[in-house]
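Please read it alongside the structure.

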Amino acid sequence: MVKYFCCADLLKSTWDQVCVAFWQRYPNPYSNHVLTEDIIFREVTPTNCLISRRLLTKTSRSPRWMERYLPKHMASSAYIIEDSIVDPQKRTMTTFTWNISHARLMSVEERCEYRINPENGSWTEMKREAWISSNVYGLSRAIQEFGLARFKTSVTKTMKGFEYVLAKMQGETPSRTLAETATERARETALAAKEKAKDLASHAQKKQYV
């Protein structure tokens with residue numbers, strides 16, 4: 001069984017601007033989880049399409065119940081392959097991404113297509129599709145639900161980051177406010193405190209039975 005997700009977004013920038021911003025997405029305030037990006041392969045085809053492959057390294061904090069299935073050095077990071085095709089004649093950009101880390105535990109495949117909005121030639125429409133699957137016996141459903149929830153959260157941050165980069169490119173003031181920054185940091189601090197409290201409770205429980 002595979003979890004399927006599909007959504008559409010609208011970027012109020014031209015297709016050319018979106019294509020340029022795509023290569024300049026990182027870093028941005030919403031992409032602190034992206035550690036590195038490396039171009040593995042790039043070529044221009046006889047039809048003038050630009051084909052690229054990149055390797056992305058991201059932090060990937062797994063829930064504690066999942067960490068037992070991962071090597072310690074892999075529980076907090078993930079490697080992602082990103083393929084892209086830019087077709088200047090059809091005015092489309094298509095990207096394919098998938099994880100090569102933890103793939104036996106959970107596989108996340110994503111396809112995005114960017115094209116000119118038919119109702120407004122100065123805007124770009126985007127269609128995003130994703131497939132989340134797992135073959136872990138007895139846990140596949142829970143893992144897929146977790147993967148889908150995390151993917152939806154990631155999509156929100158990705159779009160905010162994209163809009164932030166586009167705004168900076170066009171000389172506009174990015175929409176991210178100080179209040180939003182403070183709220184996000186407070187949320188991250190609260191989550192870290194919650195995890196620490198769980199660890200302390202777990203250690204205390206172990207000592208109780210020793």
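## Cysteines

A disulfide is a pair of cysteine sulfur atoms within 2.5 Å. By this rule, the chain has zero disulfides. The sulfur of cysteine 6 lies 6.6 Å from its closest cysteine sulfur, in cysteine 7, which is too far for a bond. Cysteine 6 is partly exposed, at 38% relative accessible area. Buried means under 20% relative accessible area, exposed over 50%, and partly exposed in between (1.4 Å probe, protein chains only).

## Basis of the model

This is a predicted model: local features need pLDDT of at least 70, side-chain atom pairs count only at pLDDT 80 or more, and totals for chains, interfaces and linings use all residues. Residues are numbered from 1 along each chain as its sequence is written, and side-chain values use heavy atoms, with hydrogens and water left out.

## Overall fold

The chain has four helices and seven strands. Helices (H or I, at least four residues) and strands (E, at least two) are DSSP runs, numbered from the N terminus. Their order from the N terminus is β-α-β-β-α-β-β-β-β-α-α. Of the 210 residues in the chain, 39% are buried.

## Helices α1 and α3

Helix α1 (residues 15–22) packs on helix α3 (residues 140–169) at about 110°, with axes 10 Å apart. Axes are lines fitted to C-alpha atoms, for helices over the stretch in contact, and angles run from 0 to 180 degrees between N-to-C directions. α1 and α3 are therefore roughly perpendicular (65 to 115 degrees).

Gln17, Val18, Val20, Ala21 and Phe22 in α1 meet Phe162, Val165, Leu166 and Met169 in α3 (contact: heavy atoms within 4.5 Å).

Notes: Parallel < 35°, antiparallel > 145°, perpendicular 65-115°, else oblique.
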